[in-house]
Amino acid sequence: GGADALAPDLAGRRVVISAGGTREPLDPVRYLGNRSSGKQGWALARVAAARGAAVVLVAANVELPAPFGVRVVPVGTAEELRSAVLTEAADADAVVMSAAVADFRPAAVAATKMKKGAASEPNSIPLVRNPDVLAELVTKRAPGQLVVGFAAETGDDDGDVLAHARAKLARKGCDLLVVNDVSGGQVFGRPENAAVVLASDGGSTEVPRGTKDAVAAAIWTAVTTRLGDRGE
Ligand code: CTP
Ligand code: CA
């Protein structure tokens with residue numbers, strides 16, 4: 001069945017996965033970055049390849065060795081990730097955006113290293129918005145292509161984790177949203193790494209024990225179920 005992590009249920013499918021975290025340069029030696037390890041994206045690639053898919057992994061600043069049989073496309077910035085993902089997504093059955101894409105980048109990149117004591121010594125960094133790759137994928141996707149987003153959420157005064165996640169799923173327009181509860185497990189009753197896969201068709205799958213491999217297996221099962229539903 002579809003829940004078997006090694007079932008060849010992705011044979012003949014092409015999938016694109018983004019992983020890691022983008023880095024937005026400030027000057028030739030500095031950048032704004034984030035702490036994404038890329039391990040969730042690597043798990044997604046490993047599991048998809050094991051289940052028979054042709055896998056492209058668009059990897060933002062990840063030093064891990066390429067998973068067996070997976071084509072890795074290295075990128076640095078959000079703009080580079082956007083370009084690579086849109087190119088690779090053109091003939092893909094599914095695209096999974098597990099990368100942490102910087103929402104903002106420095107408005108200007110200094111051509112030379114910023115120095116202490118220089119006349120131009122900065123005391124703030126103007127930022128501009130990066131493109132929203134997931135939103136663009138949703139707009140440009142071919143009929144039948146599944147688009148999967150990720151979200152790390154906490155509850156707050158406006159709603160709990162799932163309420164925020166449902167709203168984000170609707171806002172983003174993707175088919176599936178993988179939700180990581182980063183508020184200490186209060187909502188899902190787990191200490192950490194809790195994940196829920198929410199679907200735009202109303203479905204929702206709680207991943208028991210939120211290891212990255214378990215989350216990856218649950219995501220591909222949710223994807224294959226819906227690819228099958230489209231009669232392909
Ligand atoms: N994402 C993207 N491009 C961006 C930012 C995010 O493609 N510029 C993708 C991420 O890869 C992820 C999903 O969008 O799959 C959700 O990211 P998240 O940061 O939770 O969403 P945002 O809309 O940026 O919301 P927030 O303001 O909460 O950061
Ligand atoms: Ca964001």
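Close-up 1. Glu 136 and Lys 140 both belong to helix α3, four residues apart, or about one turn of the helix. Helices (H or I, at least four residues) and strands (E, at least two) are DSSP runs numbered from the N terminus. The closest N and O atoms of the Glu 136–Lys 140 salt bridge are 2.6 Å apart; a salt bridge is defined as a side-chain nitrogen of Lys or Arg within 4 Å of a carboxyl oxygen of Asp or Glu. Arg 82 is linked with Glu 136 and Lys 140 in a network of salt bridges. Glu 136 is buried, at 16% relative accessible area, whereas Lys 140 is exposed, at 53%. Buried denotes under 20% relative accessible area, exposed over 50%, and partly exposed the range in between (1.4 Å probe, protein chains only). Residues are numbered from 1 along each chain as its sequence is written, and chains are lettered from A and ligands numbered from 1 in the order in which they are written. In this predicted model, local features need pLDDT of at least 70 and side-chain atom pairs count only at pLDDT 80 or more, while totals for chains, interfaces and linings use all residues; side-chain values use heavy atoms, with hydrogens and water left out.

Close-up 2. Asp 132 caps the N-terminal end of α3, with a side-chain oxygen 3.2 Å from the backbone nitrogen of Leu 134. The buried residues of this helix (133-140) are Val 133, Leu 134, Glu 136, Leu 137 and Val 138. Their cover includes α2 (78-89), β6 (94-97), β9 (146-153) and α4, where contact means heavy atoms within 4.5 Å.

**Close-up 3. Strand β11 and its neighbours.** All five residues of β11 (195-199) are buried, so the strand is largely enclosed by the rest of the structure. Ala 195, Val 197 and Ala 199 point one way, and Val 196 and Leu 198 the other. Strand β10 (176-181) is joined to β11 by five bridges in an antiparallel arrangement, with Val 178 partnered by Val 197. Four bridges join β11 to β12 (204-207), also antiparallel, and Val 196 has Glu 206 as its bridge partner. Two strands pair if DSSP finds at least two bridges between them. The hairpin of β11 and β12 has four residues between the strands, and Gly 202 there takes a positive phi near 100 degrees.

Close-up 4. The side chains of Arg 51 and Asp 9 form a salt bridge (2.9 Å, N to O). This pair links distant parts of the chain, Arg 51 being in the loop between α1 (39-50) and β4 (54-60) and Asp 9 in the segment before β1 (14-20), 42 residues apart. Arg 51 is buried, with a relative accessible area of 0%, while Asp 9 is partly exposed at 25%. Thr 224, in helix α5 (212-229), touches Asp 9, Leu 10 and Arg 51, not counting residues up to four places away in sequence. Thr 224 is itself buried, at 14% relative accessible area.

**Close-up 5. Salt bridge between Arg 14 and Asp 91.** The closest N and O atoms of Arg 14 and Asp 91 are 3.0 Å apart in a salt bridge. Arg 14 lies in strand β1 and Asp 91 in the loop between α2 and β6, so the pair ties together parts 77 residues apart in sequence. Arg 14 is partly exposed, at 29% relative accessible area, as is Asp 91, at 48%.

Notes: Polar contact = N/O pair within 3.5 Å; in protein donor to acceptor, adjacent residues only side chain to side chain.
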